[in-house]
Every structure is written in structure tokens, then in C-alpha cells.
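Hi everyone, thanks for making time for this. Let's look at the model together and walk through how its pieces are arranged.

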Amino acid sequence: MNGPHDLGGQHGFGPVAPEPNEPYFHGDWEKRALGVTLSCGAFGAWTIDESRHARENIPPATYLSASYYEIWIRALETLLARHGFVSAEELSTGHMLEKGAAPKRVLTADMVPAVLAKGGPCDRPLATKPRFAAGARVRTRNFNPTTHTRLPRYARGKVGVVEALQGSFVFPDDNAHGRGENPEWVYTVVFDGGEIWGEDAADGLSVSIDAWESYLEPV
Amino acid sequence: MSHDHDDHHHHHDNHFSPMEARVRALETILTQKGLIDPKAIDAIVETYETNIGPRNGARVVAKAWAEPDFADWLKRDATAAIASLGYTGRQGEHMRAVFNDGETHNLVVCTLCSCYPWSVLGLPPVWYKAPAYRSRAVIDPRGVLAEFGVTLPGGKKIRVWDSTAELRYLVVPERPDGTDGLDQEALADLVTRDAMIGTGLALEPEARA
């Protein structure tokens, strides 16, 4: 979707303003937000792609003024309601009103080291052969789905070069919507800065994305 | 570290910021339902506050500087090379290392969300997840670098890696001159978090200052 998250190349957000010696958390609520988000992810009720799409669906004015942990929490509330774990009424009253759906698992403290160490690998075996080889010139598709995609707007309809085949991975455009993992080959595709930004491109700039095979057409 | 749910705190609720109140309410509901274990949250927070941070990545870089065979492995199969140092897991499942050299400076961003190599750098800083960096890194990288106090030589190329898939990128900065006598732990002291994102360079050894 062409949502507020798709920020590459936009103007007007001001300086980056890195904070010297920045702490990992700015307040206790950010710690709880991290832990609650990861704990609920461990239910196994939704995928990382569905959760990313829930974040993208936060209304633009809210998304752009929220801190990232606030974005996480807003999206988490959406996911918890969608999957029947917490109702909107419970969220507004701040306490349990009914039992709700039961998850496949509840993350307990003893499970944390193993769960974090395992992560969530997204590579999947694929029987088909890759369509493109390193060095191939490709054009990214120009599409504007209202659904989840990982092809940023600035990189649509652009000609680049396949730099590397990176393996086969879960296809987020399908997986975010419960249409299955449908793995595809993923390639690093590099674009000359001028192909993307035209006469305003910085000198000596190239930009790469990691693109699923169906994002690409031969040139 | 422990989280206090005692009732006597509830009359202070109106002192909480909206997000403090919102997260506290959510944690309370989920705990009442038995869906989360507050002690698991403590364990997650402790892991990312104390165990997993940019020192991991700095050790990877220092080893690559010191051992050409390891650098080759890191180029070919970063996931395995990094795992050999014990750095694995969430948001580091599929790693790639990209090497700065005399010709090219590498810069990593996630324009679409906040993808970041947690296993080697820990949790990302606020600026990495915020709109200014995400919007500008791909179109104005020299302007962004200037805000970090970094000016590249005029002829140096810039390669920006937008983390649009599940690959996570670690920048291996150039090894500073005058570091031949340093062991790997001393070398790791020169490798900052920002140098491994590409918004910084490795520190110069004090001996040369």
C-alpha cells in the first residue's frame, strides 16, 4: 500500500538529529512495549508481515507523529482485536471483560532465551530455478496495490542490475494477508542514483533494494 | 527491572503520559487473561539492555580486520561467520556484511519500517526508525552523513542499502591506519554502532591523535 510508512525520498522531515549516548529505552513504557509486542508475537497467531501491514495501516497523520514504539503498540492493539484476543471494549476500559481466544503458546520467562536465539527465519526451499542471474538488467514493476508490498514507491518502474541472488524467502505480499508463504527468489537489485532521482541525484550515489522475483521484469 | 502492578500505584494513573497509560492497560489486560508473563517481558528487556548490543558487531568487524580468512568468510556467508562468534537469533537470521573501501562508502537504511540487525547491533536508535533518516538516506546521504559529522572525500561513491527484505546488513568500516599493534579487543573499541550502520567511520586510535 502507498502508506505513510513508505518514506524513501520524501522531503520535509528536517534533520536526523542523532541523540548522543542514546539509551536503549526512553522510559519504562518503551521496555514494556517491546516485551509485550514480542510476547504477543510468540502467540503464533500472525506473521511478521501481517504485523508490518498493521503498522502501515495506521492513519498517516498519526503514523508520522508517533514514536516507533507507539506505532508498535497501536498495531498490536489492532492485531489483538482482529484475532480475538482482546476486544475494543477491553482496550478502552483497561481490564479484562471476557476470556477471548486462546493462543497456540504463551511465552514464559524460561522460554525467552531460546525463542530470541532462534528468531524467525524466513528462508524457504524452492524447487523452481531463479529467473535472473547476477548481472541481468531488470525493471521493477510499476504497481500500486492497496495491500502489503515491500517494493518501495521510489523504486517502482526503475531499471537496475541484479547484483546477487540472495536465496528464496517467504513472499510478504501474500503472507501478510493469510494467502500463504508462497516463497520466491530474492535478489539484490542496484540502481544508479540518476535512474531513481534524475537530475537531482547525488554524485556517485547508487541505491539497492532486495526484491522478490515477481517484482522484476527482464529488460 | 521488575514491574510494579501494585494497586496503590493506580491512583497515580493520571500522572502517566498517554502512552504509559496505554501500554500499562494493555499489559494488565493481557496478564489478567494469562496471555503474557510479565517476567518474560523482564527477561526480554534484560536481554536487549545487557546482552545484545553493538559490541557484538564490533567484535565481528575487529575479527574481520585482523583475520583475512574470517573476512572472506564474512563476505561469502555472513550469517555463518557471525554465528561462529555466538551472535544469532531474532533480526539476525539472514545476515550480509558489506565492506567499505577506498572507492565506496556503504550506508544502511530501512525506508519502509525499522529493519535492523539486532543480533549484532542490538535495538535500533530512535533516529534510525524515524521519518527524517528513513526519507533522506536514499536521496541525500551526504546531507545525512554531515549531520553525523562525517564528510567523505569528494570522489567517494555512496552505496545505500535499503533493507526491504529479510536480509540484515552490517557495514564493515575501513580499518584506520596506525592500528597494526592492536589486538582484537582494542580494535573493537574503535568500531562504533554508527560505523556499522554507515553513518559513522571507525574511530582513529588515540596513539595517532
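Let me start with a question: how are α1(A) and α2(B) oriented to each other? They are roughly perpendicular to each other, with "roughly perpendicular" covering 65 to 115 degrees, while under 35 degrees counts as roughly parallel, over 145 as roughly antiparallel and the rest as oblique.

Before I go on, a word on conventions. This is a predicted model, where local features need pLDDT of at least 70 and side-chain atom pairs count only at pLDDT 80 or more, though totals for chains, interfaces and linings use all residues. Residues are numbered from 1 along each chain as its sequence is written, and chains are lettered from A and ligands numbered from 1 in the order in which they are written.

Back to that helix pair. The axes of α1(A) and α2(B) come within 9 Å and cross at roughly 110 degrees; axes here are lines fitted to C-alpha atoms, for helices over the stretch in contact, and angles run from 0 to 180 degrees between N-to-C directions. Helices (H or I, at least four residues) and strands (E, at least two) are DSSP runs, numbered from the N terminus. The crossing is right-handed, a label used if the near helix is turned clockwise from the far one by less than a right angle, with left-handed for anticlockwise. On the α1(A) side, the residues that meet α2(B) include A:L34, A:G35 and A:L38, and their counterparts in α2(B) are B:A40, B:I41, B:I44 and B:V45. Contact, by the way, is when the C-beta atoms of two residues, placed from the backbone, lie within 7 Å. By class, this contact has 7 nonpolar, 2 polar and 2 charged residues. For those classes, Ala, Val, Leu, Ile, Met, Phe, Trp, Tyr, Cys and Pro count as nonpolar, Asp, Glu, Lys and Arg as charged, and the others, Gly among them, as polar.

Now, α1(A), residues 28–41, also packs against α1(B): their axes come within 9 Å and cross at roughly 40 degrees. That makes α1(A) oblique to α1(B), and this crossing is left-handed. Here A:W29, A:R32, A:A33 and A:V36 meet a set in α1(B) that includes B:M19, B:V23 and B:L30.

7 strands form an open sheet with mixed pairing, in the order β5(A)-β1(A)-β2(A)-β3(A)-β4(A)-β3(B)-β2(B); two strands pair if DSSP finds at least two bridges between them. At the edges stand β5 (216–218) of chain A and β2 (104–109) of chain B, each with a single partner strand, so one side of each is left without a neighbour in the sheet. Neighbouring strands are turned by 35 degrees against each other on average, direction ignored. Where the chains join, β4(A), residues 205–212, pairs with β3(B) in the parallel sense over 4 bridges, and A:S206 has B:R159 as its bridge partner. Further along, β1(A) and β5(A) pair in the antiparallel sense over 3 bridges, with A:R139 bridged to A:E217.

Last, chain A by itself. It has 8 helices and 5 strands, and its C-alpha atoms fill a box of roughly 60 × 45 × 35 Å along the principal axes. Its domain assignment gives domain 1 (28–118) and domain 2 (137–218), with bounds that come from an automatic or database domain assignment. The centres of these two domains, taken over C-alpha atoms, are separated by 28 Å. How many residues of domain 1 of chain A are in contact with domain 2 of chain A? There are 5, against 4 residues of domain 2, and the domain 1 side has no nonpolar, 2 polar and 3 charged residues.

That's my tour, so over to you for questions!
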